[in-house]
Amino acid sequence: MKLLSIITARSLWFFDVQDLNPRGKDLTEDLIDWIKEGYNFTGAPDASTVATELSAGKGLAFTGGSFQAREEFFVPVNFTMFSDGFLGETKSSTHDSDAFLEDLLTSASKEFGLSYEPSMILRKNYVSEMIVRPDRTLAGLNPKLKEFSNRLKSLTPNAPDFEVAGLSLWTSPPVAGSRPFIFSFERQANKPFQERRYYSQAPVQTEDHIKLLEEFEQILPV
(Lines give C-alpha, C1' and ligand atoms only; values in the text may rest on other atoms or scores of the structure.)
Protein backbone atom coordinates (compact mmCIF):
# COMPACT_ATOMS: atom_id res chain seq x y z
CA MET A 1 0.00 0.00 0.00
CA LYS A 2 1.59 3.25 -1.11
CA LEU A 3 0.41 6.60 0.24
CA LEU A 4 0.06 9.03 -2.67
CA SER A 5 -1.39 12.08 -0.91
CA ILE A 6 -3.29 13.20 2.15
CA ILE A 7 -6.38 15.18 1.22
CA THR A 8 -7.66 16.04 4.68
CA ALA A 9 -6.46 15.50 8.23
CA ARG A 10 -9.22 17.03 10.35
CA SER A 11 -9.42 17.16 14.15
CA LEU A 12 -12.62 18.18 15.94
CA TRP A 13 -12.45 19.01 19.64
CA PHE A 14 -15.83 19.23 21.36
CA PHE A 15 -16.29 21.41 24.45
CA ASP A 16 -18.35 24.41 25.60
CA VAL A 17 -16.38 27.34 24.16
CA GLN A 18 -18.02 29.77 26.61
CA ASP A 19 -16.10 28.05 29.40
CA LEU A 20 -12.90 29.59 28.02
CA ASN A 21 -14.14 33.03 29.02
CA PRO A 22 -16.19 32.57 32.22
CA ARG A 23 -16.26 36.29 33.09
CA GLY A 24 -17.38 37.31 29.62
CA LYS A 25 -14.54 39.67 28.72
CA ASP A 26 -15.06 41.44 25.40
CA LEU A 27 -12.31 39.78 23.37
CA THR A 28 -13.93 39.14 20.02
CA GLU A 29 -12.14 41.63 17.79
CA ASP A 30 -8.75 41.32 19.51
CA LEU A 31 -8.93 37.52 19.53
CA ILE A 32 -9.81 37.30 15.84
CA ASP A 33 -6.95 39.66 14.95
CA TRP A 34 -4.55 37.69 17.16
CA ILE A 35 -5.48 34.34 15.59
CA LYS A 36 -5.24 35.78 12.09
CA GLU A 37 -1.84 37.36 12.65
CA GLY A 38 -0.40 34.59 14.83
CA TYR A 39 -0.98 31.88 12.22
CA ASN A 40 -0.85 34.05 9.09
CA PHE A 41 -4.42 33.30 8.01
CA THR A 42 -5.32 34.95 4.72
CA GLY A 43 -9.05 34.66 5.47
CA ALA A 44 -10.76 35.48 8.78
CA PRO A 45 -14.31 36.16 9.99
CA ASP A 46 -15.76 39.65 10.34
CA ALA A 47 -15.84 40.54 14.04
CA SER A 48 -19.14 42.37 13.62
CA THR A 49 -20.97 39.17 12.59
CA VAL A 50 -19.51 36.77 15.16
CA ALA A 51 -22.50 36.69 17.52
CA THR A 52 -24.95 36.21 14.66
CA GLU A 53 -22.93 33.45 13.02
CA LEU A 54 -22.41 31.49 16.23
CA SER A 55 -26.03 31.78 17.36
CA ALA A 56 -27.11 30.46 13.96
CA GLY A 57 -24.92 27.39 14.46
CA LYS A 58 -22.40 28.49 11.87
CA GLY A 59 -18.67 28.36 12.36
CA LEU A 60 -16.14 31.18 12.27
CA ALA A 61 -13.74 30.13 9.53
CA PHE A 62 -10.06 31.04 9.32
CA THR A 63 -8.43 29.90 6.06
CA GLY A 64 -5.03 29.78 4.45
CA GLY A 65 -2.95 29.78 7.63
CA SER A 66 0.43 28.30 8.52
CA PHE A 67 1.51 26.33 11.59
CA GLN A 68 4.98 25.21 12.61
CA ALA A 69 4.35 21.55 13.41
CA ARG A 70 8.02 20.72 13.96
CA GLU A 71 11.40 22.37 13.63
CA GLU A 72 11.66 23.86 10.15
CA PHE A 73 8.42 22.13 9.15
CA PHE A 74 5.44 24.40 8.49
CA VAL A 75 2.06 23.06 7.36
CA PRO A 76 -0.93 24.86 5.82
CA VAL A 77 -3.82 24.99 8.26
CA ASN A 78 -7.50 25.94 8.36
CA PHE A 79 -9.41 26.59 11.57
CA THR A 80 -13.11 26.89 12.39
CA MET A 81 -14.53 27.97 15.72
CA PHE A 82 -18.00 26.76 16.74
CA SER A 83 -19.96 27.38 19.93
CA ASP A 84 -19.48 23.71 20.87
CA GLY A 85 -15.89 23.17 19.78
CA PHE A 86 -12.94 23.83 17.47
CA LEU A 87 -11.98 22.27 14.14
CA GLY A 88 -8.40 22.18 12.90
CA GLU A 89 -7.43 20.90 9.46
CA THR A 90 -4.11 20.21 7.78
CA LYS A 91 -2.95 18.08 4.87
CA SER A 92 -0.11 16.44 6.79
CA SER A 93 -1.66 14.46 9.68
CA THR A 94 -4.30 14.61 12.38
CA HIS A 95 -1.39 14.66 14.83
CA ASP A 96 -0.39 18.04 13.37
CA SER A 97 -4.02 19.22 13.46
CA ASP A 98 -4.21 18.26 17.15
CA ALA A 99 -0.92 20.03 17.81
CA PHE A 100 -2.26 23.18 16.14
CA LEU A 101 -5.42 23.22 18.27
CA GLU A 102 -3.41 22.64 21.45
CA ASP A 103 -1.00 25.42 20.50
CA LEU A 104 -3.83 27.83 19.71
CA LEU A 105 -5.72 27.17 22.94
CA THR A 106 -2.61 27.28 25.12
CA SER A 107 -1.18 30.42 23.52
CA ALA A 108 -4.52 32.26 23.45
CA SER A 109 -5.08 31.44 27.11
CA LYS A 110 -1.75 33.01 28.04
CA GLU A 111 -2.36 36.04 25.83
CA PHE A 112 -5.92 36.80 26.95
CA GLY A 113 -6.18 35.14 30.36
CA LEU A 114 -8.57 32.45 29.19
CA SER A 115 -9.46 29.41 31.29
CA TYR A 116 -8.29 26.51 29.13
CA GLU A 117 -7.47 23.11 30.59
CA PRO A 118 -7.10 19.90 28.55
CA SER A 119 -9.75 18.26 30.77
CA MET A 120 -12.34 20.64 29.27
CA ILE A 121 -12.31 18.68 26.01
CA LEU A 122 -15.29 16.32 26.11
CA ARG A 123 -14.32 14.25 23.07
CA LYS A 124 -12.24 14.33 19.92
CA ASN A 125 -13.37 13.15 16.49
CA TYR A 126 -11.26 12.75 13.39
CA VAL A 127 -11.69 12.70 9.62
CA SER A 128 -8.83 11.31 7.56
CA GLU A 129 -8.96 11.34 3.75
CA MET A 130 -6.17 10.12 1.51
CA ILE A 131 -5.27 8.73 -1.90
CA VAL A 132 -3.39 5.42 -1.95
CA ARG A 133 -2.15 2.85 -4.44
CA PRO A 134 -2.66 -0.72 -3.15
CA ASP A 135 -0.87 -3.76 -4.52
CA ARG A 136 -4.22 -5.55 -4.70
CA THR A 137 -7.64 -4.47 -5.99
CA LEU A 138 -11.27 -5.20 -5.19
CA ALA A 139 -11.77 -7.11 -8.43
CA GLY A 140 -11.57 -10.63 -6.92
CA LEU A 141 -13.30 -9.88 -3.63
CA ASN A 142 -16.20 -12.19 -4.51
CA PRO A 143 -16.55 -14.23 -7.77
CA LYS A 144 -20.29 -13.68 -7.73
CA LEU A 145 -19.73 -9.94 -8.05
CA LYS A 146 -17.90 -10.60 -11.31
CA GLU A 147 -20.90 -12.57 -12.56
CA PHE A 148 -23.17 -9.71 -11.55
CA SER A 149 -20.91 -7.22 -13.35
CA ASN A 150 -21.11 -9.31 -16.54
CA ARG A 151 -24.89 -9.39 -16.23
CA LEU A 152 -24.94 -5.61 -15.89
CA LYS A 153 -22.67 -5.30 -18.92
CA SER A 154 -25.04 -7.46 -20.98
CA LEU A 155 -27.83 -4.97 -20.26
CA THR A 156 -25.68 -1.95 -21.17
CA PRO A 157 -23.81 -3.06 -24.32
CA ASN A 158 -22.51 0.45 -25.07
CA ALA A 159 -20.74 0.75 -21.70
CA PRO A 160 -17.20 -0.46 -20.88
CA ASP A 161 -16.78 -3.41 -18.53
CA PHE A 162 -17.99 -2.90 -14.97
CA GLU A 163 -15.72 -3.55 -12.00
CA VAL A 164 -16.15 -3.44 -8.25
CA ALA A 165 -15.01 0.09 -7.45
CA GLY A 166 -15.65 0.60 -3.77
CA LEU A 167 -16.53 -0.69 -0.34
CA SER A 168 -17.72 1.23 2.71
CA LEU A 169 -18.55 0.56 6.34
CA TRP A 170 -20.97 2.85 8.17
CA THR A 171 -22.27 3.22 11.69
CA SER A 172 -25.82 4.15 12.46
CA PRO A 173 -25.95 7.94 13.12
CA PRO A 174 -25.04 8.41 16.83
CA VAL A 175 -27.88 10.92 17.22
CA ALA A 176 -30.90 11.49 14.97
CA GLY A 177 -29.92 13.94 12.26
CA SER A 178 -26.18 13.54 12.84
CA ARG A 179 -23.61 12.11 10.45
CA PRO A 180 -22.55 8.46 10.77
CA PHE A 181 -18.92 7.41 11.14
CA ILE A 182 -17.73 6.13 7.75
CA PHE A 183 -14.84 4.05 6.45
CA SER A 184 -14.67 3.98 2.65
CA PHE A 185 -12.28 2.58 0.07
CA GLU A 186 -13.09 3.33 -3.55
CA ARG A 187 -11.61 4.14 -6.92
CA GLN A 188 -10.55 7.77 -7.17
CA ALA A 189 -13.11 9.63 -9.24
CA ASN A 190 -12.20 10.58 -12.81
CA LYS A 191 -9.02 8.50 -12.86
CA PRO A 192 -8.45 5.50 -15.18
CA PHE A 193 -8.63 2.18 -13.36
CA GLN A 194 -5.19 1.17 -14.64
CA GLU A 195 -3.61 3.89 -12.49
CA ARG A 196 -4.77 1.97 -9.38
CA ARG A 197 -5.59 5.12 -7.43
CA TYR A 198 -7.99 4.73 -4.51
CA TYR A 199 -9.65 7.28 -2.26
CA SER A 200 -10.16 6.32 1.37
CA GLN A 201 -11.90 8.02 4.28
CA ALA A 202 -11.85 6.96 7.92
CA PRO A 203 -12.92 8.50 11.26
CA VAL A 204 -9.52 7.90 12.83
CA GLN A 205 -6.07 9.43 13.23
CA THR A 206 -3.99 9.59 10.04
CA GLU A 207 -1.42 7.01 11.13
CA ASP A 208 -4.17 4.64 12.28
CA HIS A 209 -5.88 5.10 8.91
CA ILE A 210 -2.72 4.02 7.10
CA LYS A 211 -2.40 0.93 9.33
CA LEU A 212 -6.07 0.04 8.74
CA LEU A 213 -5.57 0.23 4.98
CA GLU A 214 -2.56 -2.08 5.21
CA GLU A 215 -4.68 -4.58 7.17
CA PHE A 216 -7.55 -4.18 4.72
CA GLU A 217 -5.25 -4.91 1.77
CA GLN A 218 -4.38 -8.29 3.29
CA ILE A 219 -8.09 -9.24 3.09
CA LEU A 220 -8.13 -8.71 -0.66
CA PRO A 221 -7.26 -11.66 -2.90
CA VAL A 222 -3.92 -11.63 -4.71
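## An aromatic cluster

Phe 15, Trp 34, Tyr 39, Phe 41, Phe 62, Phe 67, Phe 79, Phe 86, Phe 100 and Phe 112 together make up one aromatic cluster, where rings of Phe, Tyr and Trp (its six-membered ring) are paired if their centres lie within 6.5 Å. This is a predicted model, in which local features need pLDDT of at least 70 and side-chain atom pairs count only at pLDDT 80 or more, while totals for chains, interfaces and linings use all residues. Residues are numbered from 1 along each chain as its sequence is written, and side-chain values use heavy atoms, with hydrogens and water left out.

A pair of aromatic rings is described by the distance of the centres and the angle of the planes. Planes under 30 degrees apart count as stacked, over 60 as edge-to-face and the rest as tilted. The structure holds 15 aromatic pairs. The rings of Trp 34 and Tyr 39 have planes at 85° and centres 6.4 Å apart, so this pair is edge-to-face. Tyr 39 also forms a tilted pair with Phe 41, with 6.3 Å from centre to centre and 55° between the planes.

Tyr 39 has a relative accessible area of 6% and is therefore buried (buried means under 20% relative accessible area, exposed over 50%, and partly exposed in between, with a 1.4 Å probe and protein chains only). Phe 41 is likewise buried, at 3% relative accessibility.

## Overall fold and extent

The protein has five helices and eight strands, which are DSSP runs numbered from the N terminus (helices are H or I of at least four residues, strands are E of at least two). Along the sequence these elements follow the pattern β-α-α-β-β-β-α-β-α-β-β-β-α. The radius of gyration is 22 Å, well over the 17 Å that the globule rule gives for 222 residues, so the protein is more spread out than a compact globule; this radius is taken over C-alpha atoms, and the rule is 2.2 Å times the number of residues to the power 0.38.

The C-alpha atoms fill a box of roughly 70 × 40 × 30 Å along the principal axes. Of the 222 residues, 37% count as buried.

Strand E5, which covers residues 123-133, contains Asn 125. This residue, Asn 125, counts as buried at 19% relative accessibility. Leaving aside neighbours within four places in sequence, Asn 125 is in contact (heavy atoms within 4.5 Å) with Arg 10, Ser 11, Leu 12, Phe 14 and Phe 181.
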